[in-house]
Amino acid sequence: MTSAYIQHSNIISPLGFNTAENFTSVCQGISGVKDYSSSSQKKYYAAALNNTLLDAFFCSQTKCNPLYYTRAEKMSILSAQDVINTSNIEVSNPRTLFIFSTTKGNVELLENKSAYIPENRIYLYETAHAVSLALGFKNKPLVISNACISGLLALIVAKRLIENNQYDSIIITGVDVLSDFILSGFNSLNALSTEACKPFDKDRSGINLGEAAATVLLSKERKEKSVRMEAAYSSNDANHISGPSRTGEGLYQCLQKIQTKNTPDFINAHGTATIYNDEMEAVAFSRAGLQGVPVASFKNYYGHTLGAAGVVESILCVESLRQEKMIASKGFEKQGTSVALNVIQNTHHKKSTSCIKTASGFGGCNAVALYTI
Amino acid sequence: MNTVIHSYTRLKNEGLWHNKNLCAAASENKELVKTLDELYKEMVLEYPKFYKMDSLCKAGILCAEPLLKNTDTNPSFDKQKIALVFSNKNASLQTDCAYEHTRNTFPSPSLFVYTLPNIVIGEVAIKHKITGENIFFIEPSFNAQLLYHYAEILLQENDLVLCAWLHITDNALDGFFYTVMKEPIDTEKKSTFIQHKAENIHKLYMQ
């Protein structure tokens, strides 16, 4: 059977405008999370992308008029365009597909209407369509919106479509932006941390939100340093719509399905730094016999970027495999889960051949992928 | 691999049908929000959680019930191998707007948790204890081709796929749910099923 390999990638985030810049920042332990307390809202930390920088970069890289696109669209166009340019992929080829993943897309348009942006761009498909047209794709985009596993799920769908010979190459872009809608919602759930988040730590107190767009090119060609998406599954806890399962059932089932002969070299967890999410993950890893495997969360570097997170974090996993690095789980100090985990405390050189990426979200959904080099 | 459509449900403003048979009829001149509660009572579901859900989830629970009822009682179904593949146009826009209205006064956490399209997948999974694959696609209109291709892929490793289109607005209920599985070896049963093909899916939706 055909295999699916990760080729080129891009991340547009507060830590940089391409994968190399982002990976360098993360390796240096730089975080994009900052204090954004304002008078109207309670104290909160988030990772926000500077608007002036974004618009300047958008104008320098594309011929599109920035007035006609929302922030989410501009970030998506920039991210996918970089991958298209560096890979020389034929966007007009009928065997090339564009998959767009987002949790809340242009939800900010509910509040901030723009004279230049048609009202129908509140629909996720129209957002994807606008991005797809700007990039020149011929095929209709495929749109996935599945809470916080959207990005990883988009990669899973792409893998399956390639393995089943439906397409030769698929560009997957995941995006979400900070908005008062999302901030107020997580705040109403008391889920926001009032400091930089501390995944898996004893004193963790909730999430930081972030914003990013990230893009991956997945294709069936094996090249030097190609990373294979070897196995990937999604599942549901069938337990609660807004709380993770105490037994980590759904995540455990996914991990069981992808377990191969060899234990993975590291796990990149969802690690949102809420009490319940991190505990659920620790339980699931332990049930799957993986509690000793080095594990990290990247949420302290980027905040939780929702629909982009699975793509951003997969790219960083791929770069870790390619550049033989083990990235620290920033924000962690003391064991804070009922099962002790082997949390990576310092970024260091280490050759690895495989890693597992996990994601979990509202609606009880989970997704897991195994990457090998 | 031969695959077949096992069973299907259709939700419209007028009521809910299961394989062409009317399960529950909506009375005329009712607000659609109330219609869903009315259908629920007619179907005698006895699932009080229903009342706290948003319209998208209510509609999903109603449409899924006739298709998944037998998986609850029949122990031969492996709940890890039932996949839920949903799609619509609006994502969770109705509830997004409702939540947005509460934001200036007191942002409602109970509304916020419904501002994701895949919550309906979670509600169906909870009701029927299904822990298999899930995905929510956003399409501008019902896309039989997409659901067909993805269900075919999922059936390579799963026993049953529930495919769904669930478009709920203030003035339209448009739901179409169907289950797909490998063709049973039992030749007597064979003739009762519809071949799983995009054109057949489209025809059933258009009925």
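Strand β3 (residues 45-47) of chain A runs parallel to β7(A), and 2 bridges join them. Strands here are DSSP runs marked E with at least two residues, helices are runs marked H or I with at least four residues, and both are numbered from the N terminus. This is a predicted model, where local features need pLDDT of at least 70, side-chain atom pairs count only at pLDDT 80 or more, and totals for chains, interfaces and linings use all residues. Residues are numbered from 1 along each chain as its sequence is written, chains are lettered from A and ligands numbered from 1 in the order in which they are written, and side-chain values use heavy atoms, leaving out hydrogens and water.

**The sheet**
- Look for A:A46 and you'll find its bridge partner in β7(A), namely A:L209.
- The strands line up as β2-β3-β7 (chain A) in an open sheet of 3 strands with mixed pairing, where two strands pair if DSSP finds at least two bridges between them.
- β2 (34-35) and β7 (209-210) of chain A sit at the edges with a single partner strand each, so one side of each has no neighbour in the sheet.

**Helices α3 and α4**
- Helix α3 (residues 71-87) and helix α4 (residues 124-135), both of chain A, have axes that come within 10 Å and cross at roughly 40°. Axes are lines fitted to C-alpha atoms, for helices over the stretch in contact, with angles from 0 to 180 degrees between N-to-C directions.
- That makes α3(A) oblique to α4(A); under 35 degrees counts as roughly parallel, over 145 as roughly antiparallel, 65 to 115 as roughly perpendicular, and the rest as oblique.
- On the α3(A) side, A:E73, A:S76, A:I77, A:A80, A:Q81 and A:I84 meet A:T127, A:A130, A:V131, A:A134 and A:L135 in α4(A). Contact means heavy atoms within 4.5 Å.
- Those contact residues split into 7 nonpolar, 3 polar and 1 charged. Ala, Val, Leu, Ile, Met, Phe, Trp, Tyr, Cys and Pro count as nonpolar, Asp, Glu, Lys and Arg as charged, and the others, Gly among them, as polar.

**Helices α5 and α10**
- The axes of helix α5 (residues 150-163) and helix α10 (residues 309-322) of chain A come within 5 Å and cross at roughly 70°, which makes α5(A) roughly perpendicular to α10(A).
- A:G151, A:L152 and A:L155 of α5(A) touch A:G310, A:V311 and A:S314 of α10(A).
- That contact has 3 nonpolar, 3 polar and no charged residues.

**The domains**
- Chain A is assigned domain 1 (4-219) and domain 2 (227-372), with bounds from an automatic or database domain assignment.
- Their contact takes 65 residues from domain 1 of chain A and 65 residues from domain 2 of chain A.
- The C-alpha centres of domain 1 and domain 2 of chain A lie 20 Å apart.
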